[in-house]
Every structure is written in structure tokens, then in C-alpha cells.
Amino acid sequence: MSAKPGTQAATDAQLTADIRASTREEPVSARLTTDERVLARVTDGIYRQPGSAIRELVSNAYDADATRVIIKTDRPRFETLTIEDDGNGMTPDALAYLLRHIGGSAKRSSDGADLGITDQDDPLQSPNGRRLIGKIGIGLFSVSQLTNRFHLVTKIRGDDALTVASVVLRQYSDHGPAETDDEGNYEAGLVKVWREPTSDLDAHGTTITLTDIRPQTRDALRSNEVWAVVDADPSLDPEESRSVEPPVFHIGRVKHDDPSSFEGDTGSHDNLPWTSGDEPDIAFEKLVDAVWAQVEGKSANPRLGNIFDYYLRMVWQLSLSIPARYVRGSPFELAIGDGMYLYEIPKATRAAAQRFELAEGETILGTRSIGHGASVGDDFAVHVDDLRLARPLKFADLPQTTHAVRKPILFVGRCREEFKGIRHELSGGPLEFEAYLIWTPKVAPTEHQGVLARVHGSSGTLFDPTFMRYQVSEQTRLRQITCEIFVSQGLEAALNIDRESFNFAHPHVVYITQWLHAALRRVATAQKSIAAEILAGRRASTAAKKQAALSEVARRAWREESDDPGAEPPHVVFDEDPDESLFAEPGTYRFRRQPILGEKPARPTAAETTAERQMEALVQLLAAFELLDSLSEQQQERLLAGIREILGASAQ
């Protein structure tokens, strides 16, 4: 299937013609080859988890303008897996190109428009205008992480035939180095392709069926390692045994000695937070709520590893990585009202964050035009068995805590950097992104502590708890922060081949890192300031209550002794001027402040204010019983100074 450069187009055309003329009885057989030797490693599985391979297939569907993807498994057996989408589908030409150019994607190239997989005018967009996720042409072959055998059926609208491909992948390390052709291309597997007539001209999309799931992948999806530890007999090795609870929620399991049979009643949904009658979106909401319920239940800091089996963790992580809507709305589109403290982060790293408020019914997206990137994927529905996936992050109805700051603190910002004066090959071109950081006393699950960067709505990384290697030692506060960055231009070149990590030396990563670290410093400053305001307010409120109680004691005594229910006790003044007569104002008791209370502070504390009010109430109480008028001014002053000294000593 390889050819010299001068004959490559002709060979592609011949393969396309052969596919169009093929039938089930007379399929086209061909070898799969890669364009680069390093990409032969794709058949060894470059992705770290089975869920990563499924993510790549979902990304392919998104790039094909699909509005819905249906993923079906035979859980908990995991013998087969099917991914069906309603995207544009592939023409025989596009499929031929894909099979002949693994690692040489037509996306983002001039070939894409001719093959119907990109926009006619912009190779970075799909035919319907979506910004493409894939770029190097190995997404389909990510299934090698799951199986070495799959079946593909694809069709474009208006075509009178399905194109079917049966693929067997050759693992690069199976039998030593793979065979090469004259051009050094490496054989990645074998494929049979044929066409089948159909009367449904309007149908379009692609269905991929995976069979013969790899044993290690099947064991992982079944959570065999977890169940083995749960079932271990401690008497066999008492020193090594440890009590391990089964996952709180799981999909059931097969019997170890008979995978065709289930342990218990697997189909009952008793071990799941949703019921069989729930709609897929409601079922997923219940899954998210079940995690947050752990905060008020068994675990104050719930971890997915303790709550879910492998399958449910995979579903959760997949929901974080794909373009999708939020489970109950993004922070940019919610009518927050006074439910959060709100700040906007300026572009200048040294400028202070600006606090703002929203009126009832207003949103950040509507009033400040920030958060458009968070809506990428709202028109894309991905179903996995019972669930319709959504980004599993909640921003409303969060559990109450005893923390001083009861409401979340939300920071939002946007930034565009042109890297003017720096050559494109050095800067990577312009960078544009939006972001939010939310501080809340509790983050659930704990895996959401950190930062997650999305490029055109998609992310291969999970939340980074180091916040891109933030070195300041504020671990408690960092565990209370979730951040998402939505990149609309740039950063793609900084993604490594598996799309699950970044090249931290890339200028775009360096810039975002600096922006994020400056934002984290602003969060710390604001959170400390708000906490101080709240504590000061509490102290002032407590002091006001004490002062009101003191006034009531003095008022009650004055009215009882004067036998006048409407009478008010006399006014009391502690004056700075020692020369003014103490009884210059009728009905007012005036005293020199210095001998009794000391010098008046410029900014009295709540305790100092309460102490002064105590002395005022004492004067009113003594006056009610006529214990002051018989004393001279000097005696009154010494009496009050002595009382103040006793009260001060008892308060220490």
C-alpha cells in the first residue's frame, strides 16, 4: 500500500476505485502502513488508559460534525464495545486516505476539503464550522489500546452504499521490528474493505465495533484488581492483609471462574445512584450528586478511587475531556446573584482583581462577555450506556461548611497575547483564552482540585493539582480551588502526541503558567481580605449585642428607680478636655477620659468600644441609685477609675 512520492496520488486513486467497486463477496484487501516510524508505536497503545482511546474516537466524531455519539458496552463482561455517531461519515476516498496515511491526517491540510472532512475555505474547521480537535491522524487507531481487531461501517448522506472495513492491527512489538517497504514505511496491520448497497440515502455517520477486547483492558474495565483485594482471604497472609471496602457505586462484576455469569444481581441497579427508568441526563446528574453527597456522608473529602469502580471512573474522566455541556450550567451562564463573591482578573499580572456584582437574573456571559469558550460542545451529546455525559462540575447548591467564608469566590478573566516582535516559529503565534478560578471550602471529588486546560472544548489532561508547578506553599488553599482554562487560539502545538500532557517549554504554556500563578496570588489575597472582613463584622456584631445588653440593664434600673416607664437614663461623656466643667450640660455626666479609660485610640477596637460602653452603663446605673451626686468630681473620677481597673483585670 505504499508508493513513491510521484505515484502516491495515483495509488490513492486506485485504492479508492477498488473500494467503490468492491462487494462483501469480493472485498479489497490491503496492508496498513504508517507515514513515520515513530507512529508505528500507535499499535502498541500510546494512550495510558482505555478511556483515552475512547476519547479519541469521540473526538473524531466531533470533528465529523456529529451531534450525537452512542457508546454501548456489554458491561460488566466487556467483550465488545460499539461507538456509533451521526457525523458526516467518510467517502471511499476519505477512508482510503486514512488507511494509507496513518499519522498523516488530511485534517488541517489542503487534502481535507477535497475529501470532505474539513471546511472548503478553512482547513482548521470541520465542514460545518467546528474547530478541529484531531490533527495527526491516529485517533481511529487509538483502539489498539483496547483491541487489535475492529469493524467499521461508514456512510455519507446521499450515498447509495455503505463502506465497510474489517481491520486487524499488527502490534509493533508482537514479532520484533515490523516489515518495511522500499520507502521505509512500516506495516501496521491488514484491512479488508467492501461496499454494501443501502436504500437509506439520508443516513450518515460511522459505527465502530470492537471485538476481542485485550485481556488486560478487559480486566481493567471489570475492576478485577479491586475486587481481588476486596475478596482476599486475610487468613492466608495476615501480615499483608488489609481491610478494603468495595466501591460505593459499581456496575457489578462477573464471576472469576465463569465470566459468562454475574456475581449477585448485576442488572438491579442497586449499586448505582440512578435507576433503570431514569432519562440519561437525569441519571448522570444523580451520579454527580452522589459524589457531592459523600461530603455530608461518609467522606468529607471524597475520592473517585474510593467511590467508583474503574468503569464509572472512566465515564467520569471521559465527561471531563470531551466537548460537552455542564451538568447544571457553567459559572458564566448561571444567574449567580449574590451567591458568590465575584472578581474579574485583569490582563496585567500586577493589577488587582476587580470586584463586581450581578443583578438578579444577570450572568457573567451576558454582562461581561466572558465565558464563550465554556459553551463549546453544547450541541454535542455523548451517551455511554445509561448516561448522557456532561461536565461533572457543580457551581450552585454546594454544601455548607463552618468556614469563615461561606460563599464561593469566583474569579473570571480573558486574555489575548499577540507575542508582537517575536517570530511565529518561536512564539507559536497568537494565544487567546478565557478562564475561571473558583475557591470553595470543599471541592468534590478531590480529583477536581487543580487546573484543567481545554483546547477548543477538549482536554486530554485531568485536573493538575500542582497548578502548573505553582511553588508557593499554600497547600490548604490550593486544595480549595478549581480552575478551567478555555483556549480558543493557540496551545495546540504544545500538546504532546497523546494529548495528555504539555511541553512546558512551549511559549504558550509558559505564558499561561505565568498568568495562572498571578491569578492564584490574587485569589489568596481576596480570600484573606474577605475572611478578615467577615471576622471583623462578626466581632462588631457581637460587640453591638453586648453594648445593647448593657444599655438595657441601665435603662431598666433607671426606669424602676425613677418610677417612670418612659424615662431614659442620663447621657454620659468621657471628654478629652480636662478644663471643661463636668456638669456643664444639664442631665449629662461628663468625665475626663484619661484617668478612667486612657487616651482615645485613633481606630478603637471592638473590645475598646465595649469597654467604654460598659463604663457608660455603670455611670447610668450608679446615677439611678443616686450614688454619684453625693461625691465630689475627684471622688467620682477615682471611683470610676477603680471600677475600670477591676473590670480590666477580670477580663484578662
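Predicted model: local features only at pLDDT ≥ 70, side-chain atom pairs only at ≥ 80, totals over all residues.
Let's begin with strand 3, which covers residues 81-85. On one side, strand 3 is joined to strand 2 (residues 68-73) by five bridges, and the two run antiparallel. Within that pairing, Thr73 stands opposite Leu81. Strand 3 also pairs with strand 7 (residues 205-210), again antiparallel and again through five bridges. You can find this pairing by looking for Asp85, whose bridge partner in strand 7 is Thr206, and for Thr82, whose partner there is Thr209.

Strand 7 has a further neighbour to visit. Strand 4 (residues 149-155) pairs with strand 7 in the antiparallel sense over six bridges. Here Leu152 has Ile208 of strand 7 as its bridge partner.

Now return to strand 3 and ask which residues lie on its covered face and which on its uncovered one. Leu81, Ile83 and Asp85 make up the covered face, while Thr82 and Glu84 belong to the uncovered face.

Next comes helix 3, residues 92-100. Eight of its nine residues are buried, so the helix is largely enclosed by the rest of the structure. The buried residues are Pro92, Ala94, Leu95, Ala96, Tyr97, Leu98, Leu99 and Arg100.

For a look at how helices meet, move along to helix 13 and helix 15. Two packed helices are described by the angle between their axes and the distance between the axes. Helix 13 (residues 507-562) and helix 15 (residues 606-624) pack at an angle of about 5°, and their axes are 9 Å apart. Angles under 35 degrees count as roughly parallel, and helix 13 and helix 15 are therefore roughly parallel to each other. Among the residues making the contact are Leu550, Ala554 and Trp558 of helix 13, and Arg613, Ala617 and Leu621 of helix 15. Sorted by class, this contact of helix 13 with helix 15 has 10 nonpolar, six polar and four charged residues.

Finally, let's turn to charged side chains. The count comes to 28 salt bridges. One of them forms between Glu417 and Lys347, with the closest N and O atoms 3.4 Å apart. Lys347, with a relative accessible area of 42%, is partly exposed.

A second salt bridge brings together the side chains of Glu533 and Arg355, at 4.0 Å from N to O.

Glu568 and Arg559 form another salt bridge, their closest N and O atoms being 2.7 Å apart. Glu568 is partly exposed at 46%, and Arg559 is partly exposed at 27%. Salt bridges can also join up: Glu285, Asp289, Arg328 and Lys394 are linked in a network of them.

Conventions: Residues numbered from 1 in each chain as written. Heavy atoms only, no water. Pairing = 2+ DSSP bridges. Helix = DSSP H or I, 4+ residues; strand = E, 2+ residues; numbered from the N terminus. Buried < 20%, exposed > 50% of the residue type's maximum accessible area, 1.4 Å probe, protein only. Axes fitted to C-alpha atoms, helices over the stretch in contact; angles between N-to-C directions. Parallel < 35°, antiparallel > 145°, perpendicular 65-115°, else oblique. Contact = heavy atoms within 4.5 Å. Nonpolar A, V, L, I, M, F, W, Y, C, P; charged D, E, K, R; others polar.
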